[in-house]
Structure formats: C-alpha cells, structure tokens
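Hello,

Here is the structure I promised to pass on to you.

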Amino acid sequence: MGTVTLRALHKSFGSVPVLSGVSLDIADGEFVSIVGPSGCGKSTMLRIIAGLEVQDEGAVEIDGRSMAYVRPKARDVAMVFQSYALYPHMSVERNISVPLLMRRLTTAQRLPLIGRFLPGARAVSAAIAQDVRSVAGALELTPLLGRKPGQLSGGQRQRVAVARAMVRRPKVFLMDEPLSNLDAKLRVQMRTEIKELHAKLRATFVYVTHDQSEAMTMSDRVGVMIDGELIQIAAPHVLYDDPEDIRIATFIGSPRINLIAAHVADDGSLHAAGRLLALDHRLAKAARITVGVRPEAIGLAQDDTETAMRARIRLVEHLGSDLLVHAESADGAEKLIARLEPRTGRHLRAGDVVGLTFDPAAALLFDQDGRRLRFPRERPHALLSRVLAET
Ligand SMILES: Nc1ncnc2c1ncn2[C@@H]1O[C@H](COP(=O)(O)OP(=O)(O)O)[C@@H](O)[C@H]1O
Ligand SMILES: [Mg+2]
C-alpha cells in the first residue's frame with residue numbers, strides 16, 4: 001500500500017507564504033502530477049512529503065499513518081531530483097547500491113577494508129549486489145554498471161537516479177522535475193519510460209513538473225498549483241475541458257485558450273466577439289464575463305451572412321498536423337489564435353482579413369473573479385447550443 005494524504009499544509013519561508021493550505025488524497029498506485037509555474041511551491045510540497053522540510057501547519061500521512069516526527073529514511077518514500085544527485089566518484093553500480101548499503105549494513109560493516117570481513121557482511125553484500133543487478137536489468141543499465149556518472153549521457157544519468165530510487169522498493173516515488181535537464185526529444189522518450197515503470201512497479205508516483213504536457217501525458221490525475229494553492233486536481237481531460245477557474249484554463253492548453261471580454265446587454269443576454277451566446281439564464285446587467293474558447297473551437301466563417309468577428313491575420317504557423325492562425329480584431333482589442341486543419345487554412349496569409357467564428361457549445365464562461373460560471377439546470381453541452389445571430 002502507498003496512499004498519501006496531505007491535510008491543509010501551510011509553509012512560509014520567513015514572511016513569504018509558499019504553501020497556503022494544500023490538501024490532497026492520493027490513492028495507492030496512483031500517478032499524480034503537480035504542475036504549476038516555477039516558484040509556486042511544488043518542490044516544497046514534495047520535500048515536505050519526503051520529510052526533508054517541515055510544514056508550519058497541517059499533516060502528512062502515508063498509508064494513514066501520521067508522518068509527524070518520522071524521519072525521511074523511515075518514510076518508505078524515494079525521491080528523484082532534477083539534478084540526479086549522483087556521486088561522481090562512484091561507479092553506477094555503487095551509486096545504485098548506496099541506499100541499500102546505508103540500510104542493510106551496520107556502520108562497522110560499512111568500514112573500508114575490514115568491514116567486509118565482519119560477520120554477516122558477505123551475505124548482505126551479495127544480496128545487495130543481486131538487487132542492484134535486478135534493477136539495473138529492468139532499466140537497461142547492466143552494460144553501464146562499471147562506468148562513472150561523468151561517462152554517461154543525460155538520459156542514462158537520469159535512469160541511474162531512478163534506479164537508485166527503485167532499488168529500495170519504496171511504496172511512494174517522489175519525482176521533482178526529473179526530466180528537465182534532458183533535451184526535448186529525450187524528454188518525450190523518457191515520459192514513456194516513466195509511465196511504463198509506473199505500470200510495472202504499481203507504486204504510487206507523485207510527479208512534479210512545470211511542463212503541462214509532461215503532466216498531462218503521464219498522469220491519472222493532475223493538480224494545478226498556483227501561488228501555493230492547489231486550485232484543481234482532476235483527470236487531464238477534465239482540466240482541459242472543464243476547468244474550475246480561469247487560471248487553470250489559461251495554464252493548461254497550448255497554444256493558450258482565447259479569452260474574449262463579453263458584454264451583457266440590457267436584456268441580460270451575453271455577447272462575445274460578434275455572437276449572441278444563448279443562455280437560459282439572464283445575467284446581471286453589469287456583469288463582467290470572460291468567454292474562453294480553445295483554439296481548435298475557432299473556425300473560419302463559411303459565408304458572409306454568418307455572424308463572425310472580422311479579424312486581420314498577423315501570423316500563420318504551419319505545424320504539419322495542424323495550422324495556427326494568429327489574428328486580431330480591427331481595433332486590436334481582441335487577439336485570437338485558431339487551430340485549423342491544414343487543408344482549411346492553406347490559402348491564408350498574414351494581412352488577410354477573415355471572419356472568425358466559434359462553436360458556442362465549446363465556450364467556457366468565467367465571472368470577474370475568474371471562477372467558472374455554470375448553469376446547473378442545463379446539460380453542459382446543451383448550454384450554448386442555441387446560437388442566434390446578433391441583431
Ligand atoms: N529553503 C528556502 N528558503 C527560502 N525560500 C525558499 C526555500 N525553498 C524555497 N523557497 C522559496 O519558496 C518558493 C517556492 O519554491 P519551490 O517550492 O522550490 O517552487 P517550485 O518547485 O514550484 O519552483 C520560491 O519563491 C522559493 O524561492
Ligand atoms: Mg521546483
């Protein structure tokens with residue numbers, strides 16, 4: 001078992017609050033990622049779980065047991081750092097075996113030269129060597145066991161760091177941006193390896209990264225942390241399609257979601273970018289609403305009669321599988337990015353003026369505090385399905 005529970009963790013460094021009430025329940029064997037901009041408190045949260053840092057308030061439980069006063073070594077967690085933290089003068093084999101040597105051999109047995117002749121030392125050393133070989137085999141490090149970290153590539157070093165975490169067979173793996181020192185291609189490849197490792201070990205993974213695509217591709221659930229708060233934690237597609245908060249909507253998704261200032265007419269109807277968004281509800285007259293539309297929900301208006309926002313194209317980016325059109329309204333007030341199929345947008349050039357339209361069913365509404373507006377009586381998909389041309 002390896003459940004992790006965080007209860008209202010608070011942490012400040014001096015007068016600077018870093019975590020402001022982080023609560024989280026992680027199931028046994030789950031892969032949870034925490035994603036957020038640099039400096040938002042991700043590493044601090046992970047270090048508190050590991051026991052390397054102590055919270056000011058709140059509690060950490062592993063398998064339902066409070067970790068207060070439980071030292072890092074006694075927590076049955078292993079941490080993989082961004083920097084790998086390998087010993088440069090030791091071989092790969094020695095690096096991987098360090099956690100086992102520290103645990104299984106007594107201080108006397110670890111002494112150079114004489115230690116190995118003490119009673120029991122030989123059997124323990126043989127068992128450790130066996131465990132190291134097994135982990136090295138699983139991570140395809142066997143041919144590298146005799147090398148020093150300096151003789152390895154970035155990806156290989158990263159794998160050694162994972163092997164060192166694995167060798168103790170901990171219940172919980174804590175990974176702090178383990179891929180951020182690798183080049184882009186290798187990073188994508190290592191994502192698959194880590195995901196496969198998780199499937200094989202069935203241990204609990206808590207993975208911290210500033211890279212949303214890393215978090216989204218690997219995890220069962222992703223938590224978005226901003227300024228020391230976990231704003232939403234959900235399956236990747238839920239964060240993308242159904243964000244609770246405008247900060248989630250803008251953080252998740254690349255290119256970024258389009259945000260359009262909407263206005264509420266005298267009769268309470270909502271208008272954005274030349275469209276009337278039909279709602280069963282009437283909104284308060286002066287309400288300031290922001291409409292979020294993902295780039296793939298924006299399209300070219302098919303004909304002139306369709307109500308559309310007139311926009312001038314600033315840039316067309318050909319990405320192969322799709323095409324990004326950056327455009328702005330005539331007054332420059334609205335900037336939009338549309339993701340089109342290459343066939344649809346092949347003829348477009350910078351400077352062209354086009355009509356852009358969006359599927360109102362895909363629009364997300366946020367109030368002036370950035371909270372998602374929901375209309376509970378309606379089914380989410382039916383919410384905006386009736387579109388009327390603005391008069
Ligand atoms: N030991 C420390 N002493 C003082 N400030 C710290 C310490 N560790 C982290 N911080 C500060 O806490 C904030 C959050 O840091 P961190 O948890 O490392 O963020 P992240 O991992 O999300 O980039 C940052 O502003 C950082 O400067
Ligand atoms: Mg960090």
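This is a predicted model: local features need pLDDT of at least 70, side-chain atom pairs count only at pLDDT 80 or more; totals for chains, interfaces and linings use all residues.

Residues are numbered from 1 along each chain as its sequence is written, chains are lettered from A and ligands numbered from 1 in the order in which they are written, and side-chain values use heavy atoms, with hydrogens and water left out.

The shell around ligand 1 (residues with a heavy atom within 4 Å of it) includes Phe13, Val18, Pro37 and Lys42. Helix α1 (residues 42-50) contributes the most to this shell, with three residues; helices here are DSSP runs of H or I with at least four residues, and strands are runs of E with at least two.

For polar contacts (N or O pairs within 3.5 Å), an oxygen atom of ligand 1 lies 2.8 Å from an N or O atom in the side chain of Ser43. Ligand oxygen also sits 3.1 Å from a polar backbone atom of Gly41 and 3.2 Å from one of Cys40.

Elsewhere, five strands form an open sheet in the order β15-β19-β16-β17-β18, with antiparallel pairing (strands pair if DSSP finds at least two bridges between them). β15 (298-300) and β18 (335-340) are at the edges with a single partner strand each, so one side of each has no neighbour in the sheet. Strand β17 (residues 323-329) pairs with β18 in the antiparallel sense over six bridges, and Leu324 stands opposite Arg339 in β18.

Best wishes

Conventions: A polar contact is a pair of N or O atoms within 3.5 Å; within protein, one must be able to donate a hydrogen and the other to accept it, and residues adjacent in sequence count only if both atoms are side-chain atoms.
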